[in-house]
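Biologist: Please take one part of this model and go through it closely, residue by residue where that helps. Then set it against what lies around it.

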Amino acid sequence: MTKPLLKIAGLEGGYGDIKILNGVNIEVPEKSVVTIVGPNGAGKSTIMKAIYGIARVTAGTITINRDGKEIDVLATKPHNLSKIGIGYVPQIENIFSAMTIDENLDVGFIPESGKPIGELKESMYQRYPDLVGRKKDRAGQLSGGQRQMLALARALMSSPKLLLLDEPSAGLAPALVDQLFDELVRINQSGVTILMVEQNARRALEISNYGYVLDMGKNRHEGAGKSLAVDPEIVGIYFGKRTTK
Amino acid sequence: MAEFVQLLFNGLVAGSIFGMAALGISLVYSVLHLVNFAAGDFLTLGAFTTFYLATSQHLPFVLAVILSMVIGVIVSLILEFILWRRIRRSGAGMLALFLVASGIAFILRQSIALTFGSDSRRFDLDQLTTYEFLGAQIARLQLIVLLCASIAITGIALFIKKSNIGKDMRAYADNASLAAVSGINVDRVIIATWTISGAYGALAGVFQGTVQGQFTNGMGLDLLLAILAAVVLGTIGDAYGALIGGFVLGVVMDLSTWDALAGGIPSTYKPVVGFAVLVIVLLFKPEGIFGVRARKI
């Protein structure tokens, strides 16, 4: 087996004195979609926040494999993570609502990607034609679905190898959730590896190559995405309440 | 008519200075959530260092002004690195930040008095040349100040709008947590913010000293309330709002002394009018003139 793109090993940490992660191990193979599910408070989002230095890490390692070289993610400053190929779409407030749509894309761009900004922006507008006519509008005026598209476009502007998504379907109408997951598949097919945390577990696992079930800040279960999505035990324990809500 | 033109012109000159100083306060607030009560004394510092360099050291005036702006930036950055950064990291609240800023204001003002003396100063500039325009007497120095301030204001507005660092500053002010995970170098944003605030504060101080003729180490403090009013009027945290708030306040304050307005008010009461305008605007629009658009910078 080839080396995973992202490797999280024995991760422990939390916020202040509150410990949320108690030894999490996750591997994300190149060009795959990996989903982390689990009940509220399991520490799913905390993993993403640990990568970005928002949550405190007390033990464990996170490394990204770039061209055979292991880069210590935790030792990389948050603003340099896009330079080592990581893009992130937070769950809430994931756009700059007081800025125009075009400016939102400018801010996501990093010259290190080697592609000219105009070309990248053009490809984003082709990908998300809804945004084209609204380039000069403030992002805060967009609808929920359009916001999420802009948030994805912003993250893709840095040409990431690995895209981290924190609850991408949160707050979206059901029809838009389908569109969103279709879009995630397209992004993945274009060669971007995806690691997401998702409350809509079944839907997310269906498009995932691999899934991890987290509980109390620890790995509880793992397996191929599709099989986890229909595993009766998992469905009953973890998603039963949530999916019927 | 002549009097109206005169007052309008005076108001625009005063407003451009308020606007420049207000811009720094608004930027610092939007990025660092800190109301910089020491901003007034940075105006004083700019005026005094320019006086020292130009009059005592006989440097060309423009060079003295540029060096004073550099000094304003250096002092701002030193305070950021030895003071503000640590205080922010300690999780200090608004009140603590307010007290520290007030303390800096006090130390700065007294240091200026200790270094340069507390006598009033006057730039060695031609104060007498005036032009007649629609019956009004326009002082050459005022005209130069208005022109330079307009260029400086347009320049900074474009910089914030178009440049990469300007966009980063707006992004950070808009959504600091997203900015921090979007490849934006937060330290660079903070340094840029203090740089603009320090440079424009010093420049506004030189302009104010020039327009006023004589100035003492209390000049900036006297202006601080009007500047803060301009900040609030233009919606605190909105840089463009601060610039416009400055102009509105400057013009209204000067026009209020117009004879045609029921004899006008004595000019010593101008600040009262400024605050009356502020109170009225806030009564109807508590978020300031531009609040509804919720623009951060």
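Modeller: A:Y212 has A:E222 of β10(A) opposite it. The strands here, β9 (residues 210–215) and β10 of chain A, are antiparallel partners joined over six bridges; pairing requires at least two DSSP bridges between two strands. The model is predicted, with local features requiring pLDDT of at least 70 and side-chain atom pairs 80 or more, while totals for chains, interfaces and linings use all residues. Residues are numbered from 1 along each chain as its sequence is written, and chains are lettered from A and ligands numbered from 1 in the order written.

The pair belongs to an open sheet of six strands in chain A, ordered β6-β7-β8-β3-β9-β10, with mixed pairing. At its edges lie β6 (86–89) and β10 (218–224) of chain A, each with a pairing on one side only. From one strand to the next, the twist averages 15°. (Strands are DSSP E runs of at least two residues, helices H or I runs of at least four, numbered from the N terminus.)

Helix α1 (residues 44–51) of chain A packs on this sheet, where it touches β3 (33–37), β6, β7 (162–166), β8 (193–197) and β9 of chain A. Its direction makes about 135° with that of β7(A), angles being taken from 0 to 180 degrees between N-to-C directions of lines fitted to C-alpha atoms, for helices over the stretch in contact. Contact requires C-beta atoms, placed from the backbone, within 7 Å. Helix α4 (residues 144–156) of chain A also packs on the sheet, touching β6 and β7 of chain A, and its direction makes about 165° with that of β6(A).

Elsewhere, helix α2 (residues 101–108) of chain A packs against helix α6 (residues 164–174) of chain B at about 105°, and their axes are 10 Å apart. α2(A) is therefore roughly perpendicular to α6(B). A:E103, A:D106 and A:V107 of α2(A) make this contact with B:K167, B:D168 and B:A171 of α6(B). By class, the contact of α2(A) with α6(B) has two nonpolar, no polar and four charged residues.

Chain B itself has 11 helices and four strands. Its radius of gyration is 19 Å, close to the 19 Å that the globule rule gives for 297 residues, so chain B is as compact as a globular protein of that length. The C-alpha atoms of chain B fill a box of roughly 60 × 50 × 35 Å along the principal axes. Among the contacts in chain B with a separation of 6 or more, 76% join residues 24 or more positions apart.

Note on methods: Contact = placed C-beta atoms within 7 Å. Rg over C-alpha atoms; globule rule 2.2 N^0.38 Å. Parallel < 35°, antiparallel > 145°, perpendicular 65-115°, else oblique. Nonpolar A, V, L, I, M, F, W, Y, C, P; charged D, E, K, R; others polar.
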